[in-house]
Amino acid sequence: NYAPFFATICSKFCMMALLVGAVSLILKELFGPIGDELQASMFGIPKVVVCIGYGAILLVNGPLGLLELTLVVFHTYLCWKGITTYEFLTGKVSKKKVAKPANVTSKSVGEDRNKNVLKFSLNSEAYLVR
């Protein structure tokens, strides 16, 4: 469930970065030495209208792109630490991680498989209890 979310926010950030970059390059060319020729090839739309439109795109998508970047950086940090958003915000460890049995090598029927249990402290370090 986490991998599709992470892929989505990364691809959305890339899309927004490409959009802001493309609009910035078009505006740079529009005000450059060949700006009049470029403006004439834009279906005859006045330069002011084009600048207002592209400026609005930058005004909206620039800050949203920065917010998206912070979301990607935050979740990259969470993946690196091996914790979930819930664990980061509350400091509690999820119930799935608290009582996971350790790897058991013997496959005998009567053996107590819950003999070795992983316990997690609040700072997400695991220790083995026997």
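Glu68 is buried, with a relative accessible area of 9%; here buried means under 20% relative accessible area, exposed means over 50%, and partly exposed lies in between (1.4 Å probe, protein chains only). The structure is a predicted model, in which local features need pLDDT of at least 70 and side-chain atom pairs count only at pLDDT 80 or more, whereas totals for chains, interfaces and linings use all residues. Residues are numbered from 1 along each chain as its sequence is written, and side-chain values use heavy atoms, with hydrogens and water left out.

Glu68 forms a salt bridge with Lys12, and the closest N and O atoms of the two are 3.9 Å apart. A salt bridge is defined as a side-chain nitrogen of Lys or Arg within 4 Å of a carboxyl oxygen of Asp or Glu. The pair links distant parts of the chain, since Glu68 belongs to helix α3 and Lys12 to helix α1 (residues 2-30), 56 residues apart. In contrast to the buried Glu68, Lys12 counts as partly exposed at 36% relative accessibility. A search of the whole structure finds one salt bridge.

The secondary structure of the protein chain comprises five helices and two strands. Helices (H or I, at least four residues) and strands (E, at least two) are DSSP runs, numbered from the N terminus. From the N terminus on, the order of the elements is α-α-α-α-α-β-β. Of the 130 residues in the protein chain, 16% are buried. The accessible surface of the chain comes to about 9600 Å², and 69% of it belongs to carbon and sulfur atoms; accessible areas come from the Shrake-Rupley method with a 1.4 Å probe, and for residues only the protein chains shown count as cover. Among the contacts with a separation of 6 or more, 38% are accounted for by residues 24 or more positions apart, where contact means heavy atoms within 4.5 Å.

Leaving aside its neighbours within four places in sequence, Asn61 is in contact with Met16, Leu19 and Val20. The C-alpha atoms of Ile26 and Tyr54 are separated by 8.6 Å, although the two residues are 28 residues apart along the chain.

Helix α3 (residues 47-81) also holds Val60, which counts as partly exposed at 48% relative accessibility. Together with Leu59, Leu64 and Leu67, Val60 makes a nonpolar surface patch of about 410 Å². Patches consist of residues with over 30% relative accessible area and no salt bridge; like charges are joined within 9 Å, and nonpolar side chains (Val, Leu, Ile, Met, Phe, Trp, Tyr) within 5 Å.

Aromatic side chains were examined next. A pair of aromatic rings is described by the distance of the centres and the angle of the planes. Rings of Phe, Tyr and Trp (its six-membered ring) pair if their centres lie within 6.5 Å; planes under 30 degrees apart count as stacked, over 60 as edge-to-face and the rest as tilted. A search of the whole structure finds four aromatic pairs. In one of them, the rings of Phe74 and Phe88 have their centres 5.1 Å apart and their planes at 75°, so the pair is edge-to-face. Because Phe74 lies in helix α3 and Phe88 in helix α4 (residues 85-90), this pair ties together parts that are 14 residues apart in sequence. Phe74 is partly exposed, with a relative accessible area of 26%, and Phe88 likewise counts as partly exposed, at 39%. The rings of Tyr77 and Trp80 have their centres 6.2 Å apart and their planes at 45°, so that pair is tilted. Tyr77 and Trp80 are three residues apart in helix α3 and are therefore separated by about one helical turn. Tyr77 is partly exposed at 36% relative accessibility, whereas Trp80 is exposed, with a relative accessible area of 69%. Phe74, Tyr77, Trp80 and Phe88 form one aromatic cluster.

Finally, cysteine pairing was considered. A disulfide is a pair of cysteine sulfur atoms within 2.5 Å, and by this rule the count comes to zero disulfides. The sulfur of Cys79 is 8.7 Å from the closest cysteine sulfur, that of Cys10, which is too far for a bond. Cys79 counts as partly exposed, at 39% relative accessibility.
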